[in-house]
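Visitor: I have a structure open and would like to learn how to read it. Where do we begin?

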Amino acid sequence: DWTKWTDTEVVFTTRQVTLNSKKVDLMVNLIEAEHKCGVNQTAGLCVHQAFEAEMTPQVTSCTPNRGRAGDVLTISVTMPVGWGAKVTSDGVSVHIGEHVCPNTMTVSEDVVEITCTVPEIEASTLPVKVRVLPLGYGKFTEAAHGTFVSELIVDSTSPSTVSTGGGVITFSGAGFASNPLRHWVRWRSEKTGRHFCSPISSSYSHLTCLMNTFKWREDANDQTDTVKITLWDVEVARDPLLAFGSTMTGCLRWNDHYRSTEVISFEDCALRCLSLSDCESFDYRSRYADCRMSRTSFTSNKDNNDQKWPDCRYYELRSVANPYVVTSLSVSGFAFAGDTTPNIQTLFLSGLGTDQSARGSDVPTTDTGCGSSTDDATLGAGNSGCCDDKECSLGEGVCSNDVECGGKLACLTNACVWSYVVGNSGSQYLDKC
């Protein structure tokens with residue numbers, strides 16, 4: 001990579017080349033340049049000693065090899081004899097993937113000690129590149145030191161307990177992507193079944209999503225579940241089928257570990273496969289709306305057989321062949337609780353006609369003989385015609401087993417107390433049955 005270019009000089013730094021390769025070829029506008037360099041050389045290719053193994057900086061350690069933003073990497077580089085004195089702070093750079101890792105350095109003889117602070121990087125496994133000028137990029141003496149894992153971490157969940165019907169949840173931690181649609185969040189338990197969390201927003205340190213149980217169940221109360229968060233390289237939350245790569249005509253034979261019928265599309269079948277913790281592939285037959293899911297795949301098991309059904313289409317998770325397209329973790333201790341679940345006691349529908357609650361803030365009139373606010377009528381087991389055409393007045397009457405008491409709504413218990421409320425959405429009767 002050239003760093004400086006003038007009419008008389010080209011300054012460049014090398015990437016990774018075959019060591020002990022001495023020759024350098026220079027081309028300008030695809031025209032090979034004649035140059036004179038090296039001992040007793042007047043023309044031809046340049047002999048450049050920087051490509052010698054002994055002239056390459058040796059990265060002897062880089063720790064830790066995984067972490068989050070704010071962690072400090074400590075890197076040791078051994079320079080060729082006599083080259084340590086030529087190293088300056090401006091000539092040292094560290095990259096994690098394409099991300100600059102701000103650094104400081106010290107030199108002791110020919111050993112360069114570098115510390116750099118990890119920037120915000122979404123969860124992924126990336127190469128570490130250390131360049132020490134004037135010689136160039138260093139070679140890691142151990143391959144394990146040459147990569148860094150930016151971790152997906154959840155420090156807290158707020159709230160940790162929500163309604164059995166779901167709720168908006170924020171996961172705080174590290175490693176989330178800036179695009180919320182790349183996150184796939186699901187949880188599963190014996191009582192609540194399989195459910196998803198629709199991403200709303202995200203940043204490196206936060207992920208907010210809407211959890212919805214879809215099927216509310218009484219026995220899900222106070223059920224503690226494990227939530228799995230997966231970060232893909234594609235917008236899986238927008239289209240689950242993007243998580244599947246290899247596709248072909250035909251189906252796996254004798255590997256139908258899960259089956260769903262009346263599945264309307266390939267996307268729906270993909271959604272069901274992603275909801276399972278061990279699904280690797282699925283087959284879908286449009287003519288039968290049949291979705292069959294498997295814990296294996298053609299990539300992970302070469303002995304699998306094809307059904308050879310021409311109307312069947314096979315899809316396989318991309319992560320089977322390339323695990324690096326996805327990063328995931330599980331968070332335990334998330335609970336659905338009944339005491340945070342709203343309960344709909346009575347459904348009140350405002351309509352037209354004689355229902356006084358539909359008349360804005362007007363106080364309903366009282367039929368003759370039905371009492372008043374100071375002379376409450378006791379309705380007993382029925383309304384005795386008092387409220388057939390008009391509502392009973394505020395605070396009027398005690399209803400018992402009266403299916404038409406107070407706006408023709410069913411009282412849930414005896415001794416109903418009615419109040420008249422004017423709010424932003426209009427006026428209405430509220431009961432305390």
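**Starting from one residue**

Guide: Start with Val 72, which sits in strand β9, residues 72-78. Keep in mind that this is a predicted model.

Visitor: Is Val 72 buried, partly exposed or exposed?

Guide: Buried means under 20% relative accessible area, and exposed means over 50%. Val 72 has 44% relative accessibility, so it counts as partly exposed.

Visitor: Which residues does Val 72 touch, apart from its neighbours within four places in sequence?

Guide: Its contacts are Thr 63, Pro 64, Thr 115, Cys 116 and Thr 117. Val 72 and Cys 101 lie 29 residues apart in sequence, and their C-alpha atoms are 9.4 Å apart in space.

**Pairing strands**

Visitor: What holds the strands of a sheet together?

Guide: Strands of a sheet pair through backbone hydrogen bonds, in a parallel or an antiparallel way. Here, β9 and β13 run antiparallel and are joined by seven bridges. Look at Ile 75: across from it in β13 stands Ile 114.

Visitor: How many bridges link β12 and β13?

Guide: Six, and the pairing is antiparallel. Strand β12 covers residues 103-108. Thr 106 has Glu 113 of β13 as its bridge partner.

Visitor: What lies between the strands in the hairpin of β12 and β13?

Guide: Two residues. In this hairpin, Glu 109 takes a positive phi near 55°.

Visitor: Which side chains of β13 are buried?

Guide: Follow the strand, residues 111-117, and watch the side chains alternate. Val 112, Ile 114 and Cys 116 point to one face and are buried.

**A sheet and a helix**

Visitor: Now a whole sheet. In what order do the five strands of the open sheet lie?

Guide: Read across: β25-β29-β27-β28-β26, with antiparallel pairing. The edges are β25 (244-249) and β26 (258-260), each pairing on one side only. From one strand to the next, the twist averages 20°.

Visitor: Where do β27 and β29 meet?

Guide: Residues 281-285 form β27, and residues 312-317 form β29. Five bridges pair them in the antiparallel sense. Arg 285 stands opposite Cys 312 of β29.

Visitor: Which strands does helix α1 lie across?

Guide: Helix α1, residues 266-274, lies across β25, β26, β27, β28 (290-294) and β29. The helix runs at about 150° to β27.

Terms used
Residues are numbered from 1 along each chain as its sequence is written. This is a predicted model: local features need pLDDT of at least 70, side-chain atom pairs count only at pLDDT 80 or more; totals for chains, interfaces and linings use all residues. Side-chain values use heavy atoms; hydrogens and water are left out. Two strands pair if DSSP finds at least two bridges between them. Helices (H or I, at least four residues) and strands (E, at least two) are DSSP runs, numbered from the N terminus. Axes are lines fitted to C-alpha atoms, for helices over the stretch in contact, and angles run from 0 to 180 degrees between N-to-C directions. Contact means heavy atoms within 4.5 Å. Buried means under 20% relative accessible area, exposed over 50%, partly exposed in between (1.4 Å probe, protein chains only).
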